[in-house]
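Me: Hi, could you walk me through this one with me? I have some quick questions.

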Amino acid sequence: MATPLMSYRDVSYWLSSLDEPLTPRPPLPGGTEADVAIVGAGYTGLWTAYYLAHADPSLRIVVLEREIAGYGASGRNGGWCSALFPTSLTALGRRHGRDAAVAMQRAMQETVREVGRVVAAEGIDCDWARGGTVVLARTEAQLGRARAAVAEARAFGFGPDDLALLDADEAAARCAAEGVRGGTYTPHCAAVHPARLARGLARAVERLGVTIHERTPVSEIRPGAAVTPAGLVRAPVVVRATEGYTPQLPGQRRTVVPVYSLMIATEPLPEHVWARIGLAGRETFSDHRHVIIYGQRTADGRLAFGGRGAPYHFGSRVRPGYDREPEVFAALRRTLGDLFPALGPDVAVTHRWGGPLGVARDWSASVGLDRVTGLAWAGGYVGDGVSTTNLAGRTLADLIRGVESDVTALPWVGHRSPRWEPEPLRWLAVNAGLRVMFSADAAEARTGRPSRRAALFGRFLGH
Ligand SMILES: Cc1cc2nc3c(=O)[nH]c(=O)nc-3n(C[C@H](O)[C@H](O)[C@H](O)COP(=O)(O)OP(=O)(O)OC[C@H]3O[C@@H](n4cnc5c(N)ncnc54)[C@H](O)[C@@H]3O)c2cc1C
């Protein structure tokens with residue numbers, strides 16, 4: 001049985017701030033049968049169970065979770081419930097045609113509304129605030145990318161109500177970071193308390209009659225069964241909802257790479273500091289640098305702030321210790337101070353954590369069901385899974401019930417990403433990519449000019 005080195009509360013600020021005991025639900029007591037077995041109780045597994053149980057209350061649905069619901073990225077993330085999809089409109093258009101790209105983006109926007117609807121309908125108290133997202137530009141190169149993002153949106157028919165270009169004053173009015181020269185704003189995002197969403201969703205799923213077994217590791221997924229230490233869960237459909245942990249399953253080593261994203265949270269900030277920073281509508285925020293950063297003003301007045309940049313570990317290994325990289329935490333604190341000088345050195349960082357997300361070789365999220373084997377999957381969301389998992393859950397519910405719908409016609413359905421390279425190539429490529437992006441950001445901060453190396457590397461990755 002997998003035992004975490006730390007208590008579940010230590011996993012993230014979000015899990016630590018829950019006002020509920022994190023006592024695991026009973027593990028699977030022995031072999032059993034179900035109509036659908038779902039491996040993983042993050043958002044993917046839980047949304048799938050939710051929509052399946054809603055659509056057909058007679059289905060016997062069992063969710064098998066190695067730790068507790070929300071233990072993975074779903075209980076650790078930045079809490080952006082956004083319409084972002086990891087594949088750009090241009091790349092989607094190139095692969096599937098313009099209409100399919102537009103349909104995918106509209107479906108993502110609708111998904112943000114749908115998560116808000118369910119949160120309200122199920123009484124999930126997750127600090128939902130639909131304040132949109134502001135992405136700042138603080139150098140000439142970043143301004144160029146802001147303009148390019150808006151031009152791309154316009155080329156696909158999305159207007160200023162979907163993505164607006166902001167001048168310096170408009171951007172600073174939302175988020176008064178140091179040296180803001182402009183940015184973009186989209187209303188299609190809500191800030192959420194991610195662990196409350198995951199845990200509340202687990203309870204909603206149970207109210208619908210779904211059984212969740214926690215502390216139940218699945219050692220193998222095979223057609224017709226999930227293998228656990230207590231015995232087999234036999235089911236004609238088995239859903240893999242394991243995202244960054246997927247490479248640990250037999251036969252899945254090269255399906256996605258686990259990329260670590262790390263976060264910090266400050267102590268609650270006084271009103272006079274918030275008056276200088278802004279984010280009055282709890283807009284989620286970022287900027288147009290290459291190595292992604294992201295933040296939100298939490299409902300209890302903290303800045304929760306994260307970024308990529310932690311190393312990829314050889315063999316796609318995932319370990320609790322990899323969640324803690326002191327150098328990355330220190331860099332995040334420096335970046336926060338650089339963005340907001342109002343956060344003097346005396347403002348304390350009270351929490352530090354991180355976790356693995358899943359990246360497919362072509363940077364494409366996908367969802368699907370193999371009708372011959374009964375094996376279903378969803379994942380590869382990169383850093384955009386908070387909402388995309390909901391779309392995945394609705395899609396899997398339709399696919400499993402054999403219903404053709406608008407969502408089952410979207411271009412990511414049934415997409416098969418190529419496998420990642422074997423080691424050591426994978427390790428070399430992922431870590432080299434990180435270094436290219438970091439040095440591009442450093443060069444752009446010095447010169448203000450866009451980095452050609454970063455653009456070339458982005459093309460190599462195909463996004
Ligand atoms: C630090 C961080 C910040 C992020 N910020 C954002 C953000 O702001 N917005 C956004 O959209 N996305 C963000 N993401 C990504 C987002 O959190 C994920 O895409 C999403 O939570 C994935 O949900 P999931 O259910 O597919 O995977 P997970 O939440 O990782 O759930 C997988 C579950 O499967 C369980 N499991 C794994 N293997 C087994 C096994 N063999 N047997 C049984 N159980 C197993 C795990 O314990 C886990 O609970 C972030 C991710 C991280 C790590």
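Me: What is 2.5 Å from an N or O atom in the side chain of Ser74?
Reply: An oxygen atom of the ligand. That is a polar contact here, meaning a pair of N or O atoms within 3.5 Å; within protein, one must be able to donate a hydrogen and the other to accept it, and residues adjacent in sequence count only if both atoms are side-chain atoms. Keep in mind that this is a predicted model: local features need pLDDT of at least 70, side-chain atom pairs count only at pLDDT 80 or more, and totals for chains, interfaces and linings use all residues. Residues are numbered from 1 along each chain as its sequence is written, and side-chain values use heavy atoms, with hydrogens and water left out.

Me: And which ligand atom is 2.9 Å from a polar backbone atom of Gly78?
Reply: A nitrogen atom. The protein covers 98% of the 1000 Å² of accessible area that the ligand has on its own (Shrake-Rupley method, 1.4 Å probe).

Me: Changing topic: is Ser12 buried or exposed?
Reply: Buried, with a relative accessible area of 3%. The cut-offs are under 20% for buried, over 50% for exposed and partly exposed in between, with a 1.4 Å probe and protein chains only. A polar atom of the Ser12 side chain lies 2.7 Å from the backbone oxygen of Gly75.

Me: How many salt bridges does the structure hold?
Reply: It holds 25, each a side-chain nitrogen of Lys or Arg within 4 Å of a carboxyl oxygen of Asp or Glu. In one of them, Glu20 and Arg203 meet at 3.1 Å, N to O. Glu20 lies in the loop between helix 1 and strand 1 and Arg203 in helix 7, so the pair ties together parts that are 183 residues apart in sequence.

Me: Nice. Where do Glu110 and Arg113 lie?
Reply: Both are in helix 4, three residues apart, about one turn of the helix.

Conventions:
Helix = DSSP H or I, 4+ residues; strand = E, 2+ residues; numbered from the N terminus.
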